[in-house]
Amino acid sequence: MIPKKEKKAKAFQLVKGMKDILPEEQRYWQHVRKLIARVAESHGFERIDLPIVEFSDLFVRGIGKATDIVEKEMYVFEDQGGDKLALRPEGTAGVVRSYIEHGMQNRPQPVKLYYFGPMFRHDKPQAGRYRQFYQFGFEILGESDAVVDAQTIMVAYKVYQSLNLPVNIQINSIGCPKCRPEYENELKDYLKKRKNDLSEISKDRLSKNPMRILDSKEKEDLPIITDAPQQIDFLCEDCRNHFIQVLEYLDELEIPYVLNPLIIRGLDYYSRTTFEIWIGDEEEGRQSALGGGGRYDGLFELLGGQPTPAIGFASGVERLINQIKENDCRVDDQEQPKIFLAQLGPEARKKALRLFENLSEEGIRVSESFSKSGLKQQLELANKFGVHFTLIIGQKEIVDNTVMIRDMENGIQEVVDFDKVVSEVKKRLEKSVVKE
Ligand code: AMP
């Protein structure tokens, strides 16, 4: 009886909004990781890695109910134990949870931390927007002085500046719980009078969170927003002085900034300084945000901690990498192997395996094709990889306990003792680096 043909399983595909980072992309990621670590560490920031999963309430309380992130975008689930959990949509709430939980207020203040990792938002996927995306962020916790606002903006700016990306800082102050209510009332009155002309989303926000209307990208809202009263005219004396100081520090650091009353950042926990990093041509009006942040002095109490001043910044890695590509920024090339290891016959293969390990222990990157047996095929591969030398182990080399070294540039071959081959290869590689 002929066996029934089995139905071929349907090939799986990526979940919508997710992305593979393929090997050919890794050099960009590696470059960005190293750059962030270098900038952060040279400015006194220590790395923190936090879990992707937190109690969903951490974000509901920390980010605020009436925000898109919490209302629509958070991945929330109940685990087997009945806990209501969320995949983190951003990094700051977790950092603050950790600061409180580990008593970091007892360390010398301020505590300067940075992170790099995936975030999850059930956003509408489109070019440059994913449902799992990476952010790096800097946080300075435990200090209220305006100088740390400037330092945070400085590290954020430094990341882009060191890549020669033409970015500028869009900055605003959204006041504090003392002076914001008066402004909010004024804004509400103004918006109420124009309610009929507002977009549907903004009409809905009018009662819940009117400040967020300033964030709207809807066409019909834009003229209304442009003429709206500005928080800056309602700042209390402390907030005004704080803001002036931040700007003076930025002048001192020669960081280009633009006062932008619409930078209110959608999250509830911000106070005083808010800012975004923009790239693009201002005159052409085609600027986009690469990242943003602000002061969040009120967040600690919301999350059950002592009142603690803090400021932070988060930026998207995918968007940064797109800019690196678009602007042809110099990126470290992944080091290509300079050695190919060829073998002929089963005994030679065993020995080649050992030699491969000996070389890699010395940090020498080697390419090989142990599953192939013909010398011609292997030399073709070695040529394709563009290696400097091919090491060949055949029957004769097994008997003599030697290895043949072939210089791929001139074809000259030389036989070396098996035990001396690692040091010989090292010597030759050093010479070839000098030549390059
Ligand atoms: P936010 O936390 O919303 O202020 O976002 C900070 C930065 O993270 C943005 O400026 C983007 O660079 C990046 N980002 C936010 N959401 C996404 C997303 N869905 N996909 C890719 N990058 C994102």
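Let's start at K195. K195 sits in the loop between α6, residues 180-193, and α7, residues 200-208. Keep in mind that this is a predicted model.

What does K195 touch, once neighbours within four places in sequence are set aside? Two residues: K203 and L206. L429 is 234 residues from K195 in sequence, and their C-alpha atoms are 73 Å apart.

Next, the inside. The largest nonpolar core holds 47 residues. Within that core, the residues with the most contacts are F136, F138, V159, Y160, I171 and L320. Which element gives the largest share? Helix α5, residues 146-161, with 10 residues.

Take V159 from that list. Leaving out residues up to four places away in sequence, V159 touches L35, I36, V39, F136, F138 and L320. There is also a second, separate core. That one has 44 residues, including L50, Y190, L198 and A310.

Last, the surface. I52, V53 and F77 make a nonpolar surface patch of about 200 Å². I52 lies in the loop between β1, residues 46-47, and β2, residues 53-55. Why does I52 count as partly exposed? Because its relative accessibility is 31%, and partly exposed runs between the under 20% of buried and the over 50% of exposed.

Note on methods. Residues are numbered from 1 along each chain as its sequence is written. This is a predicted model: local features need pLDDT of at least 70, side-chain atom pairs count only at pLDDT 80 or more; totals for chains, interfaces and linings use all residues. Side-chain values use heavy atoms; hydrogens and water are left out. A nonpolar core is a set of buried Ala, Val, Leu, Ile, Met, Phe, Trp, Tyr and Cys residues joined through side-chain atoms within 4.5 Å. Buried means under 20% relative accessible area, exposed over 50%, partly exposed in between (1.4 Å probe, protein chains only). Helices (H or I, at least four residues) and strands (E, at least two) are DSSP runs, numbered from the N terminus. Contact means heavy atoms within 4.5 Å. Patches are made of residues with over 30% relative accessible area and no salt bridge: like charges are joined within 9 Å, nonpolar side chains (Val, Leu, Ile, Met, Phe, Trp, Tyr) within 5 Å. Accessible areas come from the Shrake-Rupley method with a 1.4 Å probe; for residues, only the protein chains shown count as cover. A salt bridge is a side-chain nitrogen of Lys or Arg within 4 Å of a carboxyl oxygen of Asp or Glu.
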